[in-house]
Each structure stands twice: as C-alpha cells, then as structure tokens.
Amino acid sequence: MKSLPYPDQDLRRRALAWAVKLKVNPRVLRVQTMRRKWGSCSSAGTVTLARDLSDREARFQDYVIVHELLHLRYATHGRVFKALMSAYVPGWRAMERQRLA
Ligand SMILES: [Zn+2]
C-alpha cells in the first residue's frame with residue numbers, strides 16, 4: 001500500500017465507501033499520525049484513522065475502519081456491535097490481537 005501516491009486519500013476513500021455501506025455519516029473523517037491506536041471515534045462524530053494503516057493489508061484496514069464507524073451508532077462493544085463486526089468483517093477477532101489499543 002505504501003507505493004500508492006496518495007495513501008491518506010486512499011484510506012479516506014475506503015472509509016467513505018464503508019460509511020455508505022454501513023449507513024453512517026461521520027461528521028469529520030481524518031487521517032493523521034497516531035502513536036498508540038489505529039483509529040478513534042469521538043462522541044461528536046469525528047472518526048480518525050492512523051496514517052500507518054496504509055502500510056497494512058486491506059483486510060486489517062477494513063477491520064479498523066468498520067470498528068470505528070460502528071461506534072457512530074454503538075458506543076460500546078456490545079452484542080449487536082460484535083454481530084455487525086462479524087457480518088461485515090469475517091475473521092475480525094483474529095485481527096483484534098494485532099490491534100495496539
Ligand atoms: Zn472500539
């Protein structure tokens with residue numbers, strides 16, 4: 001992924017496509033350097049993705065993106081949240097171990 005000329009834009013595009021699919025609407029979607037996390041979602045609707053994600057495989061990017069976008073609808077990792085993760089990102093539990101935070 002690093003060879004792409006515009007990694008930030010590519011991540012943003014990917015996340016926006018997921019937002020449409022999940023029918024959520026982040027107020028702000030940004031890509032920036034994050035030291036301890038792959039992504040975050042604020043209660044105000046700002047979704048932030050770590051720039052380093054562009055070096056990771058697409059499946060892992062999807063895992064982080066879907067996780068953060070689902071937080072726009074569900075604040076906690078409850079039963080519904082996990083069921084939706086399984087529906088959209090099969091195998092997400094294995095990727096959870098690669099997550100830093
Ligand atoms: Zn979470």
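Author: Let's start with Leu11, which sits in helix H1. Keep in mind that the model is predicted.

Reader: Ok. Is Leu11 buried or exposed?

Author: Leu11 is buried, because 24 C-beta neighbours lie inside 10 Å and the cut-off for buried is 20 or more.

Reader: Which residues is Leu11 in contact with?

Author: Leave aside neighbours within four places in sequence. Then Leu11 is in contact with Val31, Leu49, Leu53, Ser54 and Gln61.

Reader: And how far is Leu11 from Leu72 in space?

Author: They are 18 Å apart, C-alpha to C-alpha. In sequence, Leu11 and Leu72 are 61 residues apart.

Reader: Back up a bit. How many helices and strands does the chain have?

Author: The chain has 4 helices and 3 strands. From the N terminus, the order is α-β-β-β-α-α-α.

Reader: How compact is the chain?

Author: As compact as a globular protein of that length, because its radius of gyration is 13 Å and the globule rule gives 13 Å for 101 residues.

Reader: What box do the C-alpha atoms fill?

Author: Roughly 40 × 30 × 25 Å, along the principal axes.

Reader: What share of the residues count as buried?

Author: 23% of the 101 residues.

Reader: What about contacts between residues at least 24 apart?

Author: Take the contacts between residues at least 6 apart in sequence. Of these, 49% join residues at least 24 apart.

Reader: Back to H1. How many residues does H1 have?

Author: H1 has 16 residues, 7-22. From first C-alpha to last, H1 reaches 22 Å, close to the 22 Å expected.

Reader: What follows H1?

Author: Lys23 does, with a positive phi near 55°. Lys23 is in the loop between H1 and strand E1, residues 28-32.

Reader: Why point out the positive phi?

Author: Lys23 is a residue other than glycine. Most residues other than glycine have a negative phi.

Reader: Is Lys23 buried or exposed?

Author: Exposed, because Lys23 has 9 other C-beta atoms within 10 Å and 12 or fewer counts as exposed.

Reader: How far is Lys23 from Leu69?

Author: In space, 9.5 Å, C-alpha to C-alpha. In sequence, Lys23 and Leu69 are 46 residues apart.

Reader: New topic. How many residues are in the largest nonpolar core?

Author: 18 residues. Those with the most contacts inside it are Leu49, Leu53, Val64, Ile65, Val66 and Leu69.

Reader: Which elements each supply at least two residues of this core?

Author: H1, strand E3 (46-50) and helix H2 (58-70). H2 gives the most, with 6 residues.

Reader: Then tell me about H2. What should its 13 residues span?

Author: They should span 18 Å, and the end C-alpha atoms of H2 are 18 Å apart, so the two agree.

Reader: Which residues of H2 are buried?

Author: Gln61, Tyr63, Val64, Ile65, Val66, His67, Glu68, Leu69 and Leu70.

Reader: What covers the buried residues of H2?

Author: The cover includes H1, strand E2 (39-41), E3, H3 and helix H4 (92-96).

Reader: Pick one residue. How many other C-beta atoms does Val66 have within 10 Å?

Author: Val66 has 23, so it is buried, as the cut-off is 20 or more. Val66 belongs to helix H2.

Reader: What does Val66 touch?

Author: Not counting residues up to four places away in sequence, Val66 touches Trp18, Leu22, Met85, Tyr88 and Val89. Val66 is also 8.2 Å from Ala19, C-alpha to C-alpha, although 47 residues separate them in sequence.

Reader: How do H2 and H3 cross?

Author: At roughly 145°. The axes of H2 and H3 (residues 79-88) come within 10 Å, and the crossing is right-handed.

Reader: Which residues meet there?

Author: From H2, Val66, His67 and Leu70. They meet Phe81, Leu84, Met85 and Tyr88 in H3.

Reader: Last one. Where does Arg56 lie?

Author: In the loop between E3 and H2. Arg56 is partly exposed, with 16 other C-beta atoms within 10 Å. Arg56 and Gly91 are 16 Å apart in space, C-alpha to C-alpha, and 35 residues apart in sequence.

Methods. Residues are numbered from 1 along each chain as its sequence is written. This is a predicted model: local features need pLDDT of at least 70, side-chain atom pairs count only at pLDDT 80 or more; totals for chains, interfaces and linings use all residues. The radius of gyration is taken over C-alpha atoms; the globule rule is 2.2 Å times the number of residues to the power 0.38. Two residues are in contact if their C-beta atoms, placed from the backbone, lie within 7 Å. The expected span of a helix is 1.5 Å times one less than its number of residues. A nonpolar core is a set of buried Ala, Val, Leu, Ile, Met, Phe, Trp, Tyr and Cys residues joined through C-beta atoms within 7 Å. Axes are lines fitted to C-alpha atoms, for helices over the stretch in contact, and angles run from 0 to 180 degrees between N-to-C directions. A crossing is left-handed if the near helix is turned anticlockwise from the far one by less than a right angle, and right-handed if clockwise.
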